[in-house]
Amino acid sequence: MSAKLGTLLASLLVASATKTARIGLILPYTNNGELLSGDLWKQTHCAAIIAVSHVNSKFEGVVPGMANLTSELTTLNHNTYDTGYAASPAIVSYRQMRADGGVAMVAAARSAVSMPLAQLGEIDQMPQCSYWSSSRSLSDTKLYPYCTR
């Protein structure tokens with residue numbers, strides 16, 4: 001886990017060309033236009049925001065060596081975007097994230113959503129960390145060279 005995190009953070013630094021980077025947290029808020037219910041999705045969003053906070057504070061309680069992994073990064077900013085739990089709204093969110101200056105993404109919950117985002121990420125050389133997708137093909141670096149899960 002920490003090796004993949006280190007790779008993603010290193011990609012962030014190269015992509016941002018500064019010590020401050022902006023990432024997109026592309027997460028499901030809605031499904032077919034309806035707000036998702038239940039605590040699981042709220043907890044997922046909170047965990048993503050807490051992870052950004054851990055990177056910024058160089059907190060090592062979860063990922064040993066975080067300070068070393070993030071030594072060149074002074075600030076990690078984030079914007080959150082909705083996947084709509086489907087590829088089409090996730091692509092719209094991806095485009096907005098790029099327009100907002102995002103240099104990497106944490107996306108998405110479903111493999112069917114992560115795959116098209118990973119294809120766009122390859123075109124734009126945009127690192128992607130998928131937090132929940134289970135398709136083994138997303139680990140194929142020949143198919144998805146900028147994606148990790």
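Is Trp41 buried or exposed at 14% relative accessibility?

Trp41 counts as buried, because its relative accessibility is 14% (buried means under 20% relative accessible area, exposed over 50%, partly exposed in between, with a 1.4 Å probe and protein chains only). Trp132 comes out as partly exposed, at 38%.

These two make an aromatic pair of the tilted kind, 5.4 Å centre to centre with 35 degrees between the planes. For the cut-offs, rings of Phe, Tyr and Trp (its six-membered ring) pair if their centres lie within 6.5 Å; planes under 30 degrees apart count as stacked, over 60 as edge-to-face and the rest as tilted. The pair links distant parts of the chain, 91 residues apart: Trp41 sits in helix α2 (residues 39-57), and Trp132 in the loop between β6 (128-129) and β7 (147-148). Helices (H or I, at least four residues) and strands (E, at least two) are DSSP runs, numbered from the N terminus.

## The aromatic cluster

The structure has 3 aromatic pairs. Trp41, Tyr85, Tyr131 and Trp132 belong to one aromatic cluster.

Tyr85 also has Arg110 over its face, 5.3 Å from the ring centre; a charge sits over a ring if NZ of Lys or CZ of Arg is within 6 Å of the ring centre and within 35 degrees of the ring normal.

## Gln128 in strand β6

Gln128 is part of strand β6 and is buried, at 1% relative accessible area. Its side chain reaches the backbone oxygen of Ala107 at 2.7 Å.

## About the model

This is a predicted model: local features need pLDDT of at least 70, side-chain atom pairs count only at pLDDT 80 or more, and totals for chains, interfaces and linings use all residues. Residues are numbered from 1 along each chain as its sequence is written, and side-chain values use heavy atoms, with hydrogens and water left out.

Methods
Polar contact = N/O pair within 3.5 Å; in protein donor to acceptor, adjacent residues only side chain to side chain.
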